[in-house]
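Have the sequence and the 3D view open as you read.

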Amino acid sequence: QVQLVESGGGLVQAGGSLRLSCAASGRSVSSHAMGWFRQAPGKERAFVAVINWSGSITYYADSVKGRFTISRDNAKRTVYLQMNSLKPEDTAVYFCAADSSELTPFPDYDPANFGSWGQGTQVTVSS
């Protein structure tokens with residue numbers, strides 16, 4: 001079993017930046033794609049970004065493309081989400097998750113295929 005713990009959330013003004021981290025413990029996630037999802041009040045959980053197991057392929061939601069960057073350091077068992085040019089509509093609880101499958105070359109972005117989730121970290125962007 002894997003445990004995921006997110007950190008780095010907080011309150012920031014529009015146009016600012018935050019870097020989220022997701023630290024994994026327990027079972028290794030180095031062979032699993034990792035994703036970031038977010039959930040705003042009253043809305044469903046939505047895909048933000050995903051990175052494959054090797055870090056060579058990334059996908060982004062259109063709403064964050066060009067502003068957010070996902071990366072991973074398998075030696076540190078940590079996944080990152082660098083968020084720049086933040087907007088009030090980015091306000092949400094951000095979750096990291098590990099794909100249930102291993103060594104898939106092209107990562108998925110359907111939250112139903114992610115079996116391990118962190119508890120989330122709040123990001124609030126003020127206008």
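## A charged network

Arg38, Arg67 and Asp90 are joined up in a network of salt bridges. A salt bridge here is a side-chain nitrogen of Lys or Arg within 4 Å of a carboxyl oxygen of Asp or Glu. Side chains of opposite charge can pair when their charged atoms come close.

Before going on, a word on the ground rules. This is a predicted model, where local features need pLDDT of at least 70 and side-chain atom pairs count only at pLDDT 80 or more, while totals for chains, interfaces and linings use all residues. Residues are numbered from 1 along each chain as its sequence is written, and side-chain values use heavy atoms, with hydrogens and water left out.

How many salt bridges does the count come to? It comes to three, and here they are:

| Pair | Closest N to O distance |
|---|---|
| Asp90 and Arg38 | 2.9 Å |

Take Asp90 and Arg38, whose closest N and O atoms are 2.9 Å apart. This pair links distant parts of the chain, 52 residues apart: Asp90 sits in the loop between strand E8 (78–83) and strand E9 (92–99), and Arg38 in strand E4 (residues 34–39). Strands (E, at least two residues) are DSSP runs, numbered from the N terminus.

Arg67 lies in the loop between strand E6 (58–60) and strand E7 (68–73), and Asp90 in the loop between E8 and E9, so the pair ties together parts that are 23 residues apart in sequence.

The cut-offs are simple: buried means under 20% relative accessible area, exposed over 50%, and partly exposed in between (1.4 Å probe, protein chains only). Asp62 and Lys65, on the other hand, are both exposed.

## The disulfide and the sheet

The structure holds one disulfide, meaning a pair of cysteine sulfur atoms within 2.5 Å. Cys22 is joined to Cys96, with 1.9 Å from S to S. The link is right-handed, with 50° about the S-S bond. Cys22 is in strand E3 (residues 18–26) and Cys96 in strand E9, so to speak distant parts of the chain, 74 residues apart. Cys22 is buried, with a relative accessible area of 1%, and Cys96 is buried with 1% as well.

E3 also turns up in an open sheet of four strands, ordered E1-E3-E8-E7 with antiparallel pairing. Its edge strands, strand E1 (2–7) and E7, each pair on one side only. Two strands pair if DSSP finds at least two bridges between them. E7 and E8 pair in the antiparallel sense over six bridges, and the bridge partner of Phe68 is Met83, in E8.

## Out on the surface

Ala75 is in the loop between E7 and E8, and counts as exposed because its relative accessibility is 78%. Ala75 and Ser30 are 45 residues apart in sequence, yet 8.3 Å apart in space, C-alpha to C-alpha.

Finally, Tyr109 lies in the loop between E9 and strand E10 (114–117). At 47% relative accessibility, Tyr109 counts as partly exposed.
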